[in-house]
Amino acid sequence: MGQWLERRLSAPPTTPATAARGPRPLAVAILVAVIAGAGAMPLFTSAYVLQLATDILTFAALAYGWNIISGCTGYLSFGQVSFFGIGAYATSVLVLRAGVPWYLAALIAAAFSGVVAALLGTVMLRLRGIMFALGMLGLARILVVVASDWNYIGAAGGLTLPAELTPIAVYLAMWVTVVGAFALNYFVLHSGWGLSVTGVRDEETAASAIGVPTARIKTAAFIMSALAPAAVGGLVAWNRSFIDPPSAFDPTLDLQVIVFALFGGIGTLWGPALGTLVLVIVGEQFWAYLPDLQLALYGVLVIAVVLAFPGGVVGIANRFGWLRRRPVLAPTTLPSVSRPPQPAPLGDETIIEVRDLTVRFGGLVALNGVSLSVRRGEMVSIIGANGAGKTTLFNAITGFVKPSEGGVFYQGKSVSDIPSYQRARQGIARTFQIPRLMESMTVWENTLLAARYGKRGGDAVEQAAWALHTVKLDALWLEPPSKLSPGQQRRLEMARALALDPTVILLDEVMAGMTRDEQGEIRAVLRHFRELGVAAVAGVEHVISAIADISDRMIVLDRGKKIAEGKPDAVLRDPLVIESYLGKVS
Amino acid sequence: MIVLQLVVNGVLLGGTYILLAQGLNLIFGVMGIVNIAHGAIITLAGLFTYWFVTETHLSPLLLIPPVFIVMLVVGGILQRLLLEPLAKLGRSRELLTLMVTFGLSYVLVETALNFFGSQYVSLPDLQTTWSVAGLAFNEALVAAGALGALISGGLYIWLRYTASGQALLATSQNPVGAVTCGIDVRRMRAIAFALGTALAATAGILLILILPLSAPTADTLTILSFVIVALGGLGDYRGAVMAALLLGLVQSGVGYYLGGDAEVVVPYLLLITFMVVRPQGIGHATR
């Protein structure tokens, strides 16, 4: 059953042949017609249908809000109802105590909810996924207690509001809210900025290494996800003319929203709308017969969807070629490059310097007082037996590991206070030992994401195209990384590094697992790194034969210490080096 | 004197909390997931105990052996049906498992609602108080705390000193390594989940003696257990013990000086403070 699930989850995200910039004109026309029709609906229908439609819009807006943080960013939230309640109370207080008109109050409440999300985010988004999910679950509980004791907002008795809204007004307000929430989702899933969100979801660490300011992106997504539920909360409070803590922070709202979004397709553009539409209408017919089993049936539905079709309705549609996501900012064909980067200037200053670097993990000393430098124009290979500390060295240089002692200097300045994503933006690019590629994005989008944060500024599309041409992945530009061979995946990692327009590239065992031909292709790129605009390259390697002849200098690490340095053929004959790899014959 | 009394109450409360947390810790340690239905299982067991005692007037402690065994079986079946299919997935496994247990939680809560209603219930038995050296020892607290500590200690001994327990510990520390030692990791996962749910049910039987429980508030127990486990460091058994005692003491003190509502908020505030100050928890294990 596990394999069956795996196959379902690995459906390709896009259609390889048809990338075009922007949405199809026919799709836009249909969308506009649907939105306009929905807006005009109150004029033609009965009160019952209007109420049902309002319910659908209400849950769709909530589902779209949840979708941003849980689906698109990958931080599952079991407590979005907290924002619903905050919005409800904020709106009510604004209207009752400050006489603000209700629609304005709802907007202000949404903005206030965004501020709360920003503050909460600084604490909660630092946590791992599980912690965040349960933290949000607990938040709703705390808020019930706080609201029950706070007299200004009515305490346990709640607030009663004058009945002012007509059903049509509620419907139109919800309609506006859904359109807004949908627009936010569109922005996250189809804009260049939104690529950062998907990158954070798929591979947060690698995203940091290509310049994505992950904390800021997560907080922005969290804020966006708080706006819709707050507005909905305000409108619902007005429609019911009453709020109190249990109804404002009702956890079954979360359950329903999650079921609808999951059923429709989590993290997709159409999933929340489809799921809500289908399940609210079906539910209407059902609940008359089984009023006592509603929660249980929703629970069963969640389990069934996760086990049988985790991609939801949209996932199933994708298998038939419908509703597939179009790659972000992809031109019809990959452009040829009119302005390649300038060759790197000559000189011999030190690009990267590591001084007396010591890194300890608990009792283990991974690096012990290592000093080395990488100068402009040279390619340095760093070799050593397993456990020598090579990857720890790279992690310290790129900011993923904090040195216990010693310092890292980039172009003469200390980088110890600079977070990893900024080091990437300033020109330190790296690849990973095990490729960390964003699986739900195409080759193109992986590269484009890095290009957006590159030093070059200007046109990220052209920079990404150039990077893909350089590593000869242009033919596969619209494939997902899962369809690439291991060698091709490493070339994609290189393309990502090149897309940053880096000053120095750190390659972590880039030759591992490659065939001779693939190694040859990488070697061809590395031989000409100066022409590609890169000032220096440092590579950690085990496949010494693949890099010895193209390296200017070789450094050997053994159990955290530097034991040799010099021209490759001299180093490889050094008895200390041979002993570190092969041991001593006594 | 008041302080000493609060300490006594806090320690005894902590003893019961230990039992709450160990079930969750076991599941997290071996399977890397948090069982969101944990609170629902505790509540269901507690409500069932209430019904049993009010119908038969027998001691609730009689329920512990049969419920433990039944939950072992039921937990194993649930794990095989609902969670094992997800074990093969890579990245999305964690989130999808959270979803499944989230759904399961609501199925259990609805069951509890239908059978036992939505009101808070608690057992009036075992409310006698013994007086020792001027300190009051509430019989229910003593029974729950002592049994909690006993079962927790037994679990610890089993994990550390028996071959089967060590196999479970090995799987939680390094699944791949465990496989190469010939350990059937699939079976370990099933055992861990079965044990975890059995411990949760036992905790529920003891908890109804001290606290009122209700079906709609089942997830607060999930959160409480999770707070203890997170405070102690996810997967760290000794840390969880320290965290349980800490929580018991702090709640006991806060409840006396600041009242019931403040007491409810204590776990979350403790958690947030620790997350900011010392994210790896009180214990020493890192994950």
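**Entry 1: the core.** I looked up the largest nonpolar core and found that, of its 281 residues, Val504(A) and Ile228(B) touch the most other members. Such a core is a set of buried Ala, Val, Leu, Ile, Met, Phe, Trp, Tyr and Cys residues joined through C-beta atoms within 7 Å. I took a residue as buried if 20 or more other C-beta atoms lie within 10 Å of its own, as exposed if 12 or fewer do, and as partly exposed in between, with C-beta atoms placed from the backbone. Helix α10 (residues 214-240) of chain A gives the most to this core, with 16 residues. Domain 1 (40-262) and domain 2 (350-582) of chain A both give residues to this core, so it lies between them.

I then listed the contacts of Val504(A), leaving aside its neighbours within four places in sequence; among them are Ile351(A), Ile352(A), Val374(A), Gly427(A) and Ile428(A). Two residues are in contact if their C-beta atoms, placed from the backbone, lie within 7 Å.

**Entry 2: the model.** I note that this is a predicted model, in which local features need pLDDT of at least 70, side-chain atom pairs count only at pLDDT 80 or more, and totals for chains, interfaces and linings use all residues. Residues are numbered from 1 along each chain as its sequence is written, and chains are lettered from A and ligands numbered from 1 in the order in which they are written.

Over residues 1-20 of chain A, pLDDT stays under 50, and the model has 40 contacts beyond four places in sequence for them.

**Entry 3: the domains of chain A.** The domain bounds I used come from an automatic or database domain assignment. The C-alpha centres of domain 1 and domain 2 of chain A lie 43 Å apart. Their contact takes 16 residues from domain 1 of chain A and 20 residues from domain 2 of chain A. On the side of domain 1 that touches domain 2, α8(A) gives the most, with six residues. Helices (H or I, at least four residues) and strands (E, at least two) are DSSP runs, numbered from the N terminus.

**Entry 4: helix α15 of chain A.** I looked up which residues of α15 (residues 312-319) of chain A are buried, and found Gly312(A), Val313(A), Val314(A), Gly315(A) and Asn318(A). What covers them includes α12 (251-264), α13 (271-286) and α14 (294-308) of chain A. Gly321(A), with a positive phi near 90°, follows α15(A).

**Entry 5: chain B.** I found eleven helices and two strands in chain B. Its radius of gyration is 18 Å, close to the 19 Å that the globule rule gives for 287 residues, so chain B is as compact as a globular protein of that length. This radius is taken over C-alpha atoms, and the rule is 2.2 Å times the number of residues to the power 0.38. Buried residues make up 49% of the 287 residues in chain B.

**Entry 6: where the chains meet.** I recorded 35 residues of chain B in contact with 35 residues of chain A. On the chain B side, α4 (93-116), α9 (218-232) and α11 (260-277) each give two or more residues, and α4(B) gives the most, with 16 residues. That side divides into 24 nonpolar, six polar and five charged residues. Here Ala, Val, Leu, Ile, Met, Phe, Trp, Tyr, Cys and Pro count as nonpolar, Asp, Glu, Lys and Arg as charged, and the others, Gly among them, as polar.

Note on methods:
pLDDT is the predictor's confidence in each residue, from 0 to 100.
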